[in-house]
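Hello,

Here is the structure I promised to pass on to you.

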Amino acid sequence: MEHGGRRGATPSRQRTVETDDFRADYAAALDAYLRGADERALDRAHELGRRAVEEELTLLELAASYHEPLLVAMRAAPDAGSAADLARTASEFYTESLTILETARRAMSEARDSAHAERRNAALLRQLSTFLADPSLALSTLDSVEEVLTLVVEQAREILGADCAQATVQLGDRLPITAASRADGERAWAGYLSDELRPPGPESRPQGDWITAPITALDGHHLGSMELVEKTEGEFTDLDQAVLAHIAEMASAAIERAQLYHERR
Amino acid sequence: MTSASQTNRSPLQRRVATAIVEAAAEVFAARADGGSLHEVAELAGVGRATLYRYFANREALLAELADVAAAKVADRLGSARLDGVAVEEGLRRAVAAFVDVGAYFVVLAREGVRSSPERLEATIKKPLRGLFERGERTGSIRSDIPAALLSELLVAQVVVALSARPELGREDAVATVTSMFLEGARAGGASNDTSPRPPARE
């Protein structure tokens with residue numbers, strides 16, 4: 001955005017002008033508050049805090065805007081007691097202006113963390129897809145199915161932030177192959193999986209928060225399923241369910257490929 | 001490049017282990033203070049549980065990384081045929097081989113001293129020492145510095161060049177290390193050198 005009076009100013013010059021404007025406005029508002037500490041004057045502190053965020057002022061710049069007029073006011077105070085009162089009153093104003101800056105900073109930090117987690121989860125999904133699409137998988141024996149399942153539950157648990165992940169498949173007449181990944185410690189899922197790994201049925205399904213996705217062959221027949229139990233933070237969402245379904249599909253394709261190759265040998 | 005522990009793994013397990021070891025080489029080489037296993041898992045694109053299932057601890061991961069690195073170095077040095085060329089060309093080829101191995105070489109040189117000095121000796125130092133000893137005999141390498149120390153110095157220079165930021169390109173890294181090293185190691189180099197020198201101390 002370009003302001004009429006600042007047209008052609010270099011970015012650093014413009015920033016200095018903005019900071020100077022901010023300091024002048026902050027000093028005037030603080031002075032008004034010190035003369036009569038009312039709600040309206042305090043609202044002005046809130047507005048200045050918001051403006052500091054918009055103009056991307058640092059905490060140090062905001063502190064400087066506060067300290068300079070406060071020192072002027074304290075020097076003009078008739079005695080030490082009045083100066084102390086001024087400092088107490090001014091700190092209310094400062095805290096109000098600081099609150100919104102701190103809130104904005106926390107929100108930005110959370111957004112950054114969230115963006116980092118999303119990037120990391122996307123990388124985990126991409127890598128899982130690469131592993132499962134590797135041509136070497138088609139040359140493996142059925143032992144690889146267990147590794148596929150283990151890899152899939154470990155990645156799924158991490159990507160979706162669950163306490164426990166389990167996957168089971170039944171290939172022909174063979175015994176079911178099951179893999180699980182669990183967080184450390186005693187958690188809600190402990191009773192569900194502690195004795196033996198088994199395909200979940202209505203009687204063995206966990207209480208509380210869990211999601212499931214089928215592992216299905218290309219011709220539609222049921223190979224098994226994947227379950228995630230207890231979201232670490234919050235509850236599972238529809239998006240979590242969709243991601244789990246996607247992971248289960250990747251696992252289905254890899255397992256079926258390994259199985260087809262094994263049968264043709 | 002298959003290490004001993006890789007031979008017992010299925011193709012999928014080899015694929016996963018390789019991704020983890022590659023990431024470990026990058027992370028450990030980039031950070032002189034080590035770098036965490038969480039960073040390795042993140043760069044490899046695997047869950048932490050997966051990393052710990054493959055490598056129970058940092059030492060296990062470093063041991064396999066050193067295996068792979070040593071195999072890569074041995075393979076490159078073998079192709080370089082150091083014995084069949086003049087010493088200076090051999091030195092350039094050795095440096096090029098180390099630079100090509102990249103992050104693996106940095107970790108092997110840095111960590112190998114602590115975790116597997118024998119392997120470091122066999123894969124890197126011995127061939128280099130042989131090259132320098134030949135150079136001393138033929139008069140192309142100064143003989144007042146022991147060949148073992150020259151080997152150590154060359155390895156250190158390659159590590160520095162590979163760790164430089166901004167990164168040096170392959171050719172720049174090879175040329176920089178080779179020329180810097182030869183200027184100091186060449187026999188009679190000091191007396192023939194007419195470049196300006198700092199004033200001698202009183």
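Let me start inside the sheet of chain A, where Ala165(A) has Leu228(A) in β4(A) as its bridge partner. Beside that pair, Cys164(A) is bridged to Val229(A) of β4(A). Before going on, please note that this is a predicted model, in which local features need pLDDT of at least 70, side-chain atom pairs count only at pLDDT 80 or more, and totals for chains, interfaces and linings use all residues. Residues are numbered from 1 along each chain as its sequence is written, while chains are lettered from A and ligands numbered from 1 in the order in which they are written.

The sheet in chain A

The strands β1 (residues 162–169) and β4 (residues 222–231) of chain A run antiparallel and are joined by seven bridges. Strands here are DSSP runs of E with at least two residues, helices are runs of H or I with at least four, and both are numbered from the N terminus. Two strands pair if DSSP finds at least two bridges between them. β3(A) also pairs with β4(A) over seven bridges, in the antiparallel sense, and Thr216(A) has His222(A) as its bridge partner in β4(A). These two strands, β3(A) and β4(A), form a hairpin with five residues between them, and Gly220(A) in the turn has a positive phi of about 95°.

The whole sheet is open, with four strands in the order β2-β1-β4-β3 (chain A) and antiparallel pairing. Its edge strands, each pairing on one side only, are β2 (177–182) and β3 (210–216) of chain A. How enclosed is β4(A)? Seven of its 10 residues are buried, so β4(A) is largely enclosed by the rest of the structure. Buried means that 20 or more other C-beta atoms, placed from the backbone, lie within 10 Å of the residue's own; with 12 or fewer a residue is exposed, and in between it is partly exposed.

The cores

The largest nonpolar core has 98 residues, and Ala251(A), Ile20(B), Ala69(B), Phe105(B) and Val158(B) touch the most other members. A nonpolar core is a set of buried Ala, Val, Leu, Ile, Met, Phe, Trp, Tyr and Cys residues joined through C-beta atoms within 7 Å. Helix α1 (residues 11–30) of chain B gives the most to this core, with 12 residues. Leaving aside neighbours within four places in sequence, Ala251(A) is in contact with residues including Leu132(A), Val148(A) and Ile215(A). Contact means that the C-beta atoms of two residues, placed from the backbone, lie within 7 Å. A second, separate core of 16 residues includes Ala29(A), Tyr33(A), Ala52(A) and Ala73(A).

Where the chains meet

Chain A gives 21 residues to the contact and chain B gives 14 residues. On the side of chain A that touches chain B, α5(A) gives the most, with nine residues.

Chain B

Chain B has 10 helices and zero strands, and 40% of its 202 residues are buried. Its domains, whose bounds come from an automatic or database domain assignment, are domain 1 (8–56) and domain 2 (65–187). The centres of domain 1 and domain 2 of chain B, taken over C-alpha atoms, are separated by 26 Å. Six residues of domain 1 of chain B are in contact with six residues of domain 2 of chain B.

Best wishes
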